[in-house]
Amino acid sequence: MHLSELKHPNQLHGLSIHQLEQVARQIREKHLETIAATGGHLGPGLGVVELTLGLYQTLDLDHDKVIWDVGHQAYPHKLITGRYNNFSTLRQKDGVAGYLKRCESKFDHFGAGHASTSISAALGMALSRDMKGEKFKVVAVIGDGALTGGMALEAINHAGHLPHTNLMVVLNDNEMSISPNVGAIPRYLNKMRLSPPVQFLKDNLEEQFKQIPFLGETFTPEMQRVKEGMKRLAVPKVGAVFEELGFTYIGPVDGHNLEELINTFNEAHKIQGPVLVHVATTKGKGYAIAEKDQVGYHAQSPFDLATGKAIPAKKPKPPSYSKVFAETLIKLAEDNPNIIGITAAMATGTGLDKLHEKLPKQYIDVGIAEQHAVTLAAGMACEGIRPVVAIYSTFLQRAFDQIIHDVCIQKLPVFFCLDRAGIVGEDGPTHQGLYDIAYLRCIPNMVVMAPKDEAELQQMLVTGIEYTEGAIAMRYPRGNGYGVALMEEGWEPLPIGKAEILRQGDDVLILGYGSMVYPAMQTAEILSEHGIEATVINARFVKPLDTELILPLAEKIGKVVTMEEGCLMGGFGSAVAEALMDHNVLVPVMRLGVPDKLVDHAKPDQSKAELELTPAQMSDRILKTFSRQLTPVNS
C-alpha cells in the first residue's frame with residue numbers, strides 16, 4: 001500500500017509487520033522531504049512512526065480516540081489520516097497545520113500546541129464516555145519532557161483515583177523535550193529504560209522461555225503474561241511510582257519494534273482502569289544527522305537533506321533578537337553574579353543555552369514548568385538574586401496566576417523577558433504572542449516595555465536588571481533585528497515610563513510600540529508623500545505610559561493613531577485611549593493591531609498583510625479614516 005492511497009487509518013488493519021515497516025519507511029521519506037522544503041518540527045515525528053502505526057493497529061479509529069500531546073510529534077498521524085497528498089503545504093498559509101486542529105480532521109480529537117495537556121483532555125473524554133454509557137477507547141500520547149509539566153501530573157493524580165475508568169497513557173520516552181530533559185522524573189525514567197536487569201530480560205528472557213521442553217517456539221498469551229510478571233518481579237522499582245499512583249504500568253517497550261508494540265498495546269487494552277505503557281524511542285529515528293543532534297533537529301528551517309545543513313540566506317541577516325538578548329545578558333551576568341537566567345525547557349529558543357555554556361552556575365532550566373519557573377524566580381528575588389525569566393510570550397500565559405499572586409502582589413523584582421512576542425508565523429494560533437500586552441498591563445506592580453530594535457533591547461535589558469521596585473517585563477519579536485549598531489558595553493538604563501519623539505509633524509500623531517515603531521516611521525513617510533505630516537513617538541513603555549509627552553501632543557494635533565503587534569482588546573491602543581479619556585482629551589483615536597480573531601499559520605508578512613498591518617495598508621487606512629480632518633499641506 002502506498003500512503004497516497006490511505007484515506008483512513010483503519011485501512012492499515014491486517015497488514016503484516018513487513019508491510020507496516022514499508023509504510024514506516026514511506027512516512028519517514030515524506031516527513032523528511034517535506035520538512036527539508038518547508039521547515040518545521042523534524043525529530044519528534046521521526047521518533048514515533050512505529051509507535052503510531054503499532055497503536056493504530058489496535059484501535060478502531062472510527063470510534064476510538066487518540067489525544068496527542070503538543071502535536072508536533074503527530075506528523076505521522078497526519079500522514080495516515082488522509083493528509084498525505086497535501087502534506088507539502090505543512091505550516092504554509094491555508095495548508096496543513098503544524099499542530100493538531102479539530103477543524104482540520106475528524107481524527108484530530110483535541111488541538112494542542114502547548115505541552116502537558118493530553119492526559120487531562122483524554123481523561124475528560126473517558127469520563128464523558130462512561131457517563132453516556134459508550135464504549136470507545138481513549139489513549140493519551142505524551143512525551144517524557146511534557147511529563148515534567150505540573151498539569152500532566154495533576155491529571156495522572158486524578159486518573160489514578162479512578163480505578164474503573166479505562167484510560168491508556170502512552171509515555172513516549174526519548175529523553176528529550178526540545179532541550180535535554182531536566183529534573184527528577186526524567187532521571188527516574190532514564191534509570192528505568194537503562195536498567196541492566198530490564199535490558200537483560202528484554203534481550204534474553206524470551207529466548208530462555210523457548211528453551212523450555214515442550215514449549216519450543218510456542219509463546220502463548222499465558223506465557224507472555226508469565227514473562228511480563230517475571231520482569232516485574234526482577235525489577236521491582238520499574239514503574240513503582242506509576243503503580244503507587246493507581247496506574248497499571250507496562251514497559252519499557254522498544255518503540256521501534258512493531259511486533260512488540262502491537263502485542264503490548266493489545267494486552268494493555270484488556271486491563272481495567274488506567275494503564276501506562278512506557279515506550280522507549282529515539283528522537284529523529286531514521287535520519288542519522290537528527291539522531292546525532294537531537295536538540296538542533298527538533299525543528300529546522302529548510303535544509304539540504306544530504307548534508308543536514310540549513311539552506312543559506314541569499315544575503316547575511318542581522319543578528320536575531322534572541323541572540324542579542326543572550327549575548328548582552330552574558331556580558332551583564334559576567335559582571336554581576338546575582339544575575340540568574342531561567343528557562344522552561346526552551347534554552348536554545350531563548351538563547352539561554354549560550355549563558356549555560358559560558359556561565360553554567362548562573363543558569364537554570366526547570367523543564368516544561370512555566371508556573372514553577374515564575375515562583376522559583378520570586379523565591380530567588382526574595383533573597384536578593386536578580387532572576388531573568390526568559391519565556392516565549394505564548395508560554396508565559398500558563399503562569400498568569402503566579403505572576404499576579406507570587407510576584408506582583410509581593411512586589412518582587414522579577415524580570416520577565418518575553419521572546420516571540422507578536423506574530424510568529426508558521427506555528428499558528430497556539431504560538432502567536434499576541435496577548436502579553438493585555439495580560440500584563442492590567443497587573444499592579446508591573447512595568448511593561450518593548451524595544452523598537454535590537455540596540456534598544458540592550459538598553460532595556462539593563463533597565464530591567466536595575467529596576468528593583470517590582471516586576472518588569474520586556475517583549476521582543478521573533479526573528480532578526482534591523483542591523484542597527486550595537487554597543488559592546490556601557491549601556492545606560494532607560495528612564496521608566498519615558499517615550500521618545502522620532503519624527504515631527506502637525507497633521508497626525510502616530511504612537512508605535514515595540515516592533516511597530518519602524519513600520520510607524522515607514523507609514524509616516526508614505527503619508528508625507530500625500531502631503532500629510534505625522535509626529536511619530538516610540539512609546540517604549542505601555543505601563544507606565546508617558547502621558548506627560550503624549551497628552552499635550554494629542555490635544556494639539558487632534559488625531560491619534562496607535563500601532564501594536566498584539567491584540568487590540570486591552571492592548572497598547574486601549575492604554576492610550578484610556579489615558580486620553582481619563583484626562584478629558586477627547587480626540588479621535590484609531591487603533592491598529594490584531595482584531596478579535598485568531599491568527600492562523602502563515603509567514604509573518606502574509607499574516608500582517610491579511611490583517612492590513614503593512615505600512616502601505618496602514619497609511620491607506622489612516623487616510624480613509626481621517627479623510628475629512630486631514631488637509632494636505634500642499635493643497
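Biologist: Is Asn 174 buried or exposed in this model?
Modeller: The model is predicted. Asn 174 has a relative accessible area of 9%. Buried means under 20%. So Asn 174 counts as buried.

Biologist: Which residues does the UniProt annotation "binding site" cover, and what is the largest C-alpha distance?
Modeller: The unreviewed UniProt entry gives "binding site" for Asp 144 and Asn 174. They are spread over 31 residues of sequence. Yet they cluster in space, with a largest C-alpha distance of 6.9 Å.

Biologist: Is Asp 144 buried or exposed?
Modeller: Asp 144 sits in the loop between strand 3 (138-143) and helix 6 (150-159). Its relative accessible area is 1%. The cut-off for buried is under 20%, so Asp 144 is buried.

Biologist: Which strands are the edge strands of the open sheet?
Modeller: Five strands form the sheet, in the order 2-3-4-6-5, with parallel pairing. An edge strand pairs on one side only. The edge strands are strand 2 (65-68) and strand 5 (248-254).

Biologist: Which residue is the bridge partner of Trp 68 in strand 3?
Modeller: Strand 2 and strand 3 pair in the parallel sense over four bridges. In strand 3, Trp 68 has as its bridge partner Val 141.

Biologist: What angle does helix 11 make with strand 5?
Modeller: Helix 11 (residues 258-269) lies across strand 3, strand 4, strand 5 and strand 6 (274-280). Its angle to strand 5 is about 175°.

Methods
Residues are numbered from 1 along each chain as its sequence is written. This is a predicted model: local features need pLDDT of at least 70, side-chain atom pairs count only at pLDDT 80 or more; totals for chains, interfaces and linings use all residues. Side-chain values use heavy atoms; hydrogens and water are left out. UniProt positions are given in the numbering used here, feature names are shortened, and annotations may be inferred rather than shown by experiment. Helices (H or I, at least four residues) and strands (E, at least two) are DSSP runs, numbered from the N terminus. Buried means under 20% relative accessible area, exposed over 50%, partly exposed in between (1.4 Å probe, protein chains only). Two strands pair if DSSP finds at least two bridges between them. Contact means heavy atoms within 4.5 Å. Axes are lines fitted to C-alpha atoms, for helices over the stretch in contact, and angles run from 0 to 180 degrees between N-to-C directions.
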